[in-house]
Amino acid sequence: MNLHSIISVSQLNMYVRSLLEGDENLNNVFVSGEISNFSPNARSGHLYMTLKDGNCSVKAVMFAGNASKIKFRLENGMSVIARGRISLYERDGAYQLYIDDIQPDGIGALAIAFEQLKERLSKDGLFDPERKKSIPLFPKKVGVISSPNGAAVQDVVNIISRRFPLSEIIFAGVPVQGDGTGEIIAHAVSDFNYLKCADVIIIARGGGSAEDLWEFNSETLARAIYNSEIPIISGVGHETDFTICDFVSDLRAPTPSAAAELAVPDINELASYINLLNGKINKAINSKILIEEMRLDNLSASGFLRKPGDFLNDCDKRILDLRKSLNSVVRAIYESKYNRAFVLLSKLDALSPLKILSRGYSVVKLNESVVSSVSQLNVNDIIKLRFTDGKVEATVTKITDKVK
Amino acid sequence: MKMNYEESVKRLEEIVSKLEEGNLSLEDSLKLYEEGALLSDKCRKMLSEAKLKITNINEVAENG
């Protein structure tokens with residue numbers, strides 16, 4: 001291009017752009033600076049920002065394809081190291097940094113991402129203590145989500161078989177490292193809930209670097225754990241490793257082995273507890289028997305059982321007394337009846353017709369009927385007269401009316 | 001009546017508290033004691049004979 005002739009703005013910008021893009025040094029450059037004017041485009045996913053230091057600034061853009069790969073969220077004021085190429089945005093005549101990759105400066109990218117996700121999920125209530133489910137005392141089925149080839153699952157199985165072989169392990173083999181692992185583990189958690197085939201779930205993975213454990217910071221996994229009806233124990237990494245999985249789980253164990261120990265009771269402790277209960281029933285029944293014996297002793301000590309003879313004598317005497325009074329009552333009754341009968345007999349005797357006859361009267365009968373009036377008789381009737389000492393038959397010869 | 005370990009322990013705990021209250025007749029106490037003694041034997045047996053079972057979740061899913 002001949003720069004001594006007059007050129008258009010477009011031609012100028014196109015020329016400068018070709019110069020910038022032709023410079024090897026500007027093709028892959030690392031720039032440290034602080035993010036400002038951060039404006040992500042929600043629709044396209046492109047990220048626009050300005051990188052600046054104390055004195056200067058440069059426009060920067062990160063296209064959606066690269067932006068989707070960053071693990072942490074960009075924020076204004078954040079110190080970063082951006083890697084990319086320099087080119088010119090011809091429309092504005094402004095040169096900018098086209099970012100391929102971006103890392104927080106100073107603190108690791110993963111650490112930043114971790115803190116950011118933790119803060120966001122915390123705001124959403126995923127770590128609320130009141131949402132934590134309690135771990136069942138005697139889990140019949142223990143769900144284990146882990147790598148089928150890892151040492152973690154071996155540790156878990158060994159410890160559960162030693163501590164609580166009454167349970168059944170339901171194992172879900174998953175990868176525990178690499179892109180998309182978080183989603184796969186989240187899926188396993190959902191499977192356990194869908195199949196309702198565990199009373200408690202252990203998510204186990206051995207130790208590793210922050211990058212190795214990164215998938216346990218998956219938001220998808222965090223939400224699957226949060227939504228799980230089955231209590232979840234997280235045993236990821238070593239004592240010093242913390243993942244989002246640890247925070248959202250119902251119980252965090254420092255290691256897979258510790259998770260197994262928290263999941264099930266120890267059979268030896270159970271046996272001691274049974275022995276304790278057994279001892280208690282023995283003690284209770286012995287003291288019951290002792291109490292009954294004492295009651296019996298007290299009863300024996302009382303009058304009746306000590307000298308039963310006395311009691312019987314007392315009974316005997318009472319019966320005799322009763323019989324005596326019964327006798328006298330009966331006699332009194334008998335005597336009063338007898339006296340009354342005697343009086344009645346005397347009265348009867350006085351009224352007897354024989355007694356009257358003995359005073360000179362006689363009874364006249366006609367045909368066995370007593371004659372009490374002359375009107376019953378006719379002349380020549382044969383009548384019978386009864387005297388106190390015999391009978392007479394007589395013939396009526398004359399009837400006279402009432403004596404006037 | 002077949003009780004699992006947890007139910008057996010719960011019943012045993014019940015028996016202990018009933019016996020410890022001591023309001024029962026001697027006859028009822030002895031009955032409960034007998035049940036409790038059998039239960040604790042059963043629990044001990046369950047603990048000593050237990051063997052861990054491991055199942056893959058795929059088998060659970062296939063068997064419905």
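On a 1 Å grid over the protein atoms alone, a cavity is a set of points where a 1.4 Å probe fits but cannot get out, whereas a pocket is an open set with protein on both sides within 12 Å along at least five of seven lines, and lining residues have an atom within 4 Å of a point. Grid points are joined across faces, edges and corners, and a volume is the space filled by probe spheres set on the points.

The model is predicted, so that local features need pLDDT of at least 70 and side-chain atom pairs count only at pLDDT 80 or more, while totals for chains, interfaces and linings use all residues. Residues are numbered from 1 along each chain as its sequence is written, chains are lettered from A and ligands numbered from 1 in the order in which they are written, and side-chain values use heavy atoms, with hydrogens and water left out.

A search of the whole structure finds one cavity of 30 Å³ or more. The two spaces are set out below.

| Space | Volume | Lining by class |
|---|---|---|
| Largest cavity | about 60 Å³ | four nonpolar, no polar, five charged residues |
| Largest pocket | about 760 Å³ | twelve nonpolar, seven polar, nine charged residues |

In these classes Ala, Val, Leu, Ile, Met, Phe, Trp, Tyr, Cys and Pro count as nonpolar, Asp, Glu, Lys and Arg as charged, and the others, Gly among them, as polar.

The lining of the largest cavity includes A:Lys133 and A:Asp250, along with A:Leu126, A:Arg131 and A:Tyr226. The side chains of A:Asp250 and A:Lys133 also meet in a salt bridge at 3.6 Å, N to O, a salt bridge being a side-chain nitrogen of Lys or Arg within 4 Å of a carboxyl oxygen of Asp or Glu. Because A:Asp250 lies in the loop between helix 8 (244–248) and strand 10 (251–253) of chain A, and A:Lys133 in the loop between helix 4 and strand 6 (141–146) of chain A, the pair ties together parts that are 117 residues apart in sequence. Helices (H or I, at least four residues) and strands (E, at least two) are DSSP runs, numbered from the N terminus.

The largest pocket is lined by 28 residues, among which A:Ser68, A:Lys69, A:Ile70, A:Lys71 and A:Phe72 lie nearest its centre. Helix 4 of chain A gives the most to this lining, with six residues.

Between the chains, 34 residues of chain A are in contact with 34 residues of chain B, contact meaning heavy atoms within 4.5 Å. The buried area, which is the accessible area (1.4 Å probe) that two parts lose on being put together, summed over both, is about 3,000 Å², and carbon and sulfur atoms give 73% of it. In chain A, A:Ile274, A:Ile281 and A:Ile285 lose the most area to chain B, together 20% of what that side buries. Across this interface the rule finds two salt bridges, and A:Glu168 forms a salt bridge with B:Lys53, the closest N and O atoms being 3.7 Å apart.
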